[in-house]
Amino acid sequence: MMENWKRLQNGTDIRGIAIATPENAVTLTSTMVRAIGSGFRQWLLEVKNIQAASCKIAIGMDSRLSGPELKTALIERLAELGCDVYDCGMSTTPAMFMTTILDNYQCDGAVMITASHLPFYHNGLKLFTKEGGCEKEDIAAILENASQADSICSERKGVVYEKDLIAEYSELLVHTIRKGVNSQQNYEKPLQGCHIIVDAGNGAGGFFAAKVLEPLGADTMGSQFLEPDGTFPNHSPNPENQAAMDSLKAAVLGTKADLGIIFDADVDRAAIVSSNGVEINRNALIALLSVIVLAEHPQSVIVTDSITSTGLRKFIEEQGGRQRRFKRGYKNVINEAKRLNAAGEACHLAIETSGHAACKENYFLDDGAYLIAKILIKMAILRQDNKEIQSVIETLQMPYESDEVRIPILDKEFRACGTAILEDIEKQVQEIQGWNLVAENYDGIRVAADEFRGNGWFMLRISLHEPLLVLNIESDAEGGIKSMLGILKPILKGYDALKLD
């Protein structure tokens, strides 16, 4: 029985199938969510020393079809257990964390019902305290509690309060942007004259146009897919999805907008498209945020995940910063930034190529809306000198070629199998002339190839969540990827546990 609960853990999140499809049976029911609510409360009482009589928990959700049913079940169970509950309705993951911080909330815990960018039939929970998101070991303990949860109710039933959290959070963002721009000509509307469009992908981010941009004076005409729709009918709510980025690019060029903004479903990630239709995501987004942060905090370390380009490191160093490449996974990147600060090494930005960006000044919270707020401040200041936002990353060296190849691992024990394969490949790579293992690496193996063997680099790693080996590969020369694959593919074909095309 406990095995079914363990399968719901996805790193620091809880995720499952909430709506049955012909291919997928339901693995996350309202009954299970009730039990998880019980488990979370128990964990708060036992681990965080929260008093049962005063326990307050906030609940929010994104636009998923299963969200209302799961939210109702969770709120009902927490109230039965004597918790006062703040029902925040349609919300965002970062805003839910803020309910543990804001003076008029001061919640002991918060739950966001979301499965990020996954297909509509998925759902899940992200859990927070004022220290931040729950860690892997916390989620494991909460699920252990859930597996043993009973139906006992408290003598005192908790009170449920309906809150318009997004309105309050929007006001915070508006204040942040006004203060950051500090316009002497138009303090209240520093984005006056800017045409900025939002693509929310029918997730929870549609509020940003009317509640943040318009009060700041921006023209949002041409914004698209702002209405919440849990079927996500237009494109995946995912800044890494090429169809989503192509849609935003077409909208920016079609409306002659100054900037396009895209969020994922629960708004903990974002990306932008510049006025000339250039996508600023992945390495370019990291470069842009690095410029902004290093202007405020010179010589700061910038922590990134492991698959960033070699050109990005050079760019960050040219800005006076230092890059720390670390493990994939936004919590890994954020926790490494926190560790560096605790050790006395100033680090003000942790950012993944997926668009998770966390600033020290904002509780190291991966917040897509706050990320965009920082960009809008920079954009407004640049416009005073008739400069565009893309101008600050003109010197970023982008690879001539790049690709990602996902290779299925057929063994049921895929993680152990993948680890053994990587260890063996690492030995073989060291024998190849012109290829050198990169020492500073925390995921799989990273190899630098000289100009005669690919003129670039590749990384081979085990996927965080799926039975896959993932190959990220880049070259600064035409045909470089083909050259590297010509050496690497025969090696990969030597493993029966890998499914190669």
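1. The model is predicted, so local features need pLDDT of at least 70 and side-chain atom pairs count only at pLDDT 80 or more, whereas totals for chains, interfaces and linings use all residues. Residues are numbered from 1 along each chain as its sequence is written, and side-chain values use heavy atoms, with hydrogens and water left out.

2. Helices (H or I, at least four residues) and strands (E, at least two) are DSSP runs, numbered from the N terminus. Two strands pair if DSSP finds at least two bridges between them. Strands 9-10-11-12, in that order, form an open sheet of four strands with mixed pairing. Strand 9 (196-199) and strand 12 (279-280) stand at the edges with a single partner strand each, so one side of each has no neighbour in the sheet.

3. Four bridges join strand 9 to strand 10 (residues 259-263) in the parallel sense. Here Val 198 has Ile 261 of strand 10 as its bridge partner.

4. Strand 13 (residues 301-304) also pairs in the parallel sense, over four bridges, with strand 14 (residues 322-325). Ile 302 is placed opposite Gln 323 of strand 14. Together with helix 10 (residues 310-318), strands 13 and 14 make a right-handed β-α-β unit (with the strands pointing away from the viewer, the path from the first strand over the helix to the second runs clockwise).

5. Ser 66 belongs to the loop between strand 3 (56-61) and helix 3 (67-80). Ser 66 counts as buried because its relative accessibility is 6% (buried means under 20% relative accessible area, with a 1.4 Å probe and protein chains only).

Note on methods. Buried < 20%, exposed > 50% of the residue type's maximum accessible area, 1.4 Å probe, protein only.
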